[in-house]
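Subject: The structure we talked about

Hi there,

Here is the structure for you to open alongside this note. Have a look around it, and then read on for what turned up.

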Amino acid sequence: MFATIINDCRDDNARARQTSRISSLLKITPAFIGVDSDLEASMNMIDILDATGGQEGVILVNVAPRGDKTAKWENGTPFAYFWYKKTLVVSSLDGYAFSAVKKLNLTETVNIFDIHEATKTMQEANFITEAEATRIPFSQFRSFDFTPRIGSFMMLGNHVPSTSFDLQEIPELPSAIWCIDNFGNCKTTLTPDQISTDGETETRYGKLPYVEKLRDLKDGETALVRGGSGLDDTRFIELITQKRNFAKNNQTKIGDDIFETKSYFKQATE
């Protein structure tokens, strides 16, 4: 069994508390990915599903809500879950968190938790105390108090009441940069069907050719390259300059649109 946490609460204190809790509950050593946005979380979720191949495990995702959409919820965006083969994914709902799942058609619906009902169910099974069940729904650190517990509870074979939610109601995955690696290569949300693979594609960085293999790109040349991130046979496109730092030379940032001069990145705080 494995566990991976994808979270924007990523300072040393928050990271240690989250990993320690899931470790104590499932008796495993979890992986942790710190992110700054729901766009990054969405794509990292896909990469972890790819890395683990649908094996028994849990992915816990939580990203602070952006904008005022979450005002309709009692205590921030709710959490929802779905199963990918034997892997349980629990994630905050709003924003782009499930947009990559939608793009790749991994599921048509997810299941929303009512946090009060979920904690009551865990209490009735003696998984948490009555005091914890009362406190958890109002916690300001739900990725410490709620998601590790509900994820572990379900991985132990327990059922939790939920409501089906159609992914058609969440936003489409934007055409954007979601990761800049240590070489300055920019991972995008684009799949090969969104670009010209037998000619050039007009981008905000100019007309760029498509290259299937990085080794076919000459030093200093820039192209849209089939990247390593993705799931199964679907691999996402990267913006790469051979032996150069594409991000630095083009002043790119996480969230930048590939075709237009705009960004999809929003900070939780100003």
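Which residue just after H4 takes a positive phi? Asn126 does, at about 60°.

Before going further, please keep in mind that this is a predicted model, in which local features need pLDDT of at least 70, side-chain atom pairs count only at pLDDT 80 or more, and totals for chains, interfaces and linings use all residues. Residues are numbered from 1 along each chain as its sequence is written, and side-chain values use heavy atoms, with hydrogens and water left out. Helices (H or I, at least four residues) and strands (E, at least two) are DSSP runs, numbered from the N terminus.

Helix H4

Helix H4 covers residues 115–124, and its buried residues are Ile115, Ala118, Thr119, Thr121 and Met122. Buried means under 20% relative accessible area, exposed over 50%, and partly exposed in between (1.4 Å probe, protein chains only). At the N-terminal end, Asp114 caps H4, with a side-chain oxygen 2.9 Å from the backbone nitrogen of His116. A polar contact here is a pair of N or O atoms within 3.5 Å; within protein, one must be able to donate a hydrogen and the other to accept it, and residues adjacent in sequence count only if both atoms are side-chain atoms.

Two strands count as paired if DSSP finds at least two bridges between them. Strand S1 (residues 2–7) pairs with S2 in the parallel sense over four bridges, and Ile5 stands opposite Phe32 in S2. Axes are lines fitted to C-alpha atoms, for helices over the stretch in contact, and angles run from 0 to 180 degrees between N-to-C directions.

The six-stranded sheet

Another open sheet has six strands in the order S8-S9-S13-S12-S11-S10, again with mixed pairing. S8 (177–180) and S10 (200–203) stand at the edges with a single partner strand each, so one side of each has no neighbour in the sheet. From one strand to the next, the twist averages 40°. S10 and S11 form a hairpin with two residues between them; they pair in the antiparallel sense over four bridges, and the partner of Thr201 in S11 is Leu208. S11 (residues 206–211) also runs parallel to S12 (residues 222–231), joined by two bridges, and Tyr210 has Leu224 in S12 as its bridge partner. H2 (residues 38–52) lies across S8, S9 (186–188), S12 and S13 (234–241), running at about 65° to S12.

H2 has 15 residues and reaches 21 Å from its first C-alpha to its last, close to the 21 Å expected at 1.5 Å a residue; the expected span is 1.5 Å times one less than the number of residues. Since 13 of its 15 residues are buried, H2 is largely enclosed by the rest of the structure. Gly53 follows H2 and has a positive phi, near 65°.

In H7, nine of the nine residues are buried, so this helix too is largely enclosed by the rest of the structure. One of them is Ser152, which counts as buried at 0% relative accessibility. Leaving aside its neighbours within four places in sequence, Ser152 is in contact with Ile22, Leu25, Leu26 and Phe127. Gly157 follows H7, and its phi is positive, near 95°.

Best wishes

Conventions
Contact = heavy atoms within 4.5 Å.
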